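Here is a short briefing on one chain. Look over the sequence and the structure, then read the points below by topic.

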Amino acid sequence: MTMTTTTTSCHTCGATFHYEPVLCFGRDLAAHLNKDCPACQARAEKLRREELEEERMQHAYQMLCATLPPDLRATEEEHPEFNRPLWRVVGRWHPSADQRTLGIIGPAARCKTRALALLARRVISGGTRVCWTSAVRLKDAAHDRMSREREISALAREHLRECLTAPWLFLDDLGKNEWTGAFESQLFQILDHRLNHHLPTAWTANDHPESFLPMISQMNASPIIGRLLDRCTVVDLRESGE
Ligand SMILES: [Zn+2]
């Protein structure tokens, strides 16, 4: 078969180039359309891809600002005091069928929260929505949801709903909270729902969840500790000395 080509001039740069006419009963149906030469087409396609990428980054940045507290947004990987060995483990973690949860246990000043924030940033930059909370904020929300002030209870319920349903949940500083009935009940519901719906959760705690046993009410202790450790990758900084 012979290929019929014809020449035309580029709509954008004016260069003459060959193109394949769309022939129908001997007439070129595309003759009257504006045509770009292959170089201009490639340039336009590259520009379009760059614009899409820029849009995606803008969107990720807006999500980042809406999600993470300002002091946790900045890049800290290069900081001399940043716990790089911890980040090497946390940064590589991906949820799977038998590892739905990531738990980081360790004393203060070991960059647990930083590493958690970097992981949140990694997830957000992939375009996934995350919910960021702390045990103290969650406890406040668990109590505020019953507030008589409608605005306060609405905000609290919205936050609890996000904790329950967000594609990823980051829960910082377990153990800094008071263990109240309202908090225990919300925490259990959130952890249980997320496991059942295969939604990943990453938490940090100043001590192993089993050490919370005497502080949690008898009714909720085992269910909560069980959910925290169910299919959980535990990174224990107390053992490794990192
Ligand atoms: Zn051109």
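The chain is divided into two parts: domain 1 covers 6-67 and domain 2 covers 71-240. The model is a predicted one. The points below take the domains, then a sheet, then a pair of helices.

**Domains**
- The C-alpha centres of domain 1 and domain 2 are 46 Å apart.
- Five residues from domain 1 and nine residues from domain 2 make the contact between them.
- On the side of domain 1 that touches domain 2, three residues are nonpolar, one is polar and one is charged.

**Sheet**
- Five strands build an open sheet, in the order β6-β7-β8-β5-β9. Their pairing is parallel.
- β6 (130-134) and β9 (232-236) are the edge strands, and each pairs on one side only.
- On average, neighbouring strands of this sheet are turned by 10 degrees against each other, direction ignored.
- Strand β5 (residues 101-105) pairs with strand β8 (residues 201-205) in the parallel sense, over five bridges.
- Ile 104 stands opposite Thr 204 in β8.

**Helix pair**
- Helix α6 (residues 181-196) and helix α7 (residues 218-229) have axes that come within 9 Å and cross at roughly 40 degrees. α6 is therefore oblique to α7.
- The crossing of α6 and α7 is left-handed.
- α6 contributes Glu 184, Leu 187, Phe 188, Leu 191, Asp 192 and Leu 195 to the contact. From α7 come Asn 220, Pro 223, Ile 224, Arg 227 and Leu 228.
- By class, this contact of α6 with α7 has seven nonpolar, one polar and three charged residues.

Notes. Residues are numbered from 1 along each chain as its sequence is written. This is a predicted model: local features need pLDDT of at least 70, side-chain atom pairs count only at pLDDT 80 or more; totals for chains, interfaces and linings use all residues. Axes are lines fitted to C-alpha atoms, for helices over the stretch in contact, and angles run from 0 to 180 degrees between N-to-C directions. Helices (H or I, at least four residues) and strands (E, at least two) are DSSP runs, numbered from the N terminus. Angles under 35 degrees count as roughly parallel, over 145 as roughly antiparallel, 65 to 115 as roughly perpendicular and the rest as oblique. A crossing is left-handed if the near helix is turned anticlockwise from the far one by less than a right angle, and right-handed if clockwise. Two residues are in contact if their C-beta atoms, placed from the backbone, lie within 7 Å. Ala, Val, Leu, Ile, Met, Phe, Trp, Tyr, Cys and Pro count as nonpolar, Asp, Glu, Lys and Arg as charged, and the others, Gly among them, as polar. Domain bounds come from an automatic or database domain assignment. Two strands pair if DSSP finds at least two bridges between them.
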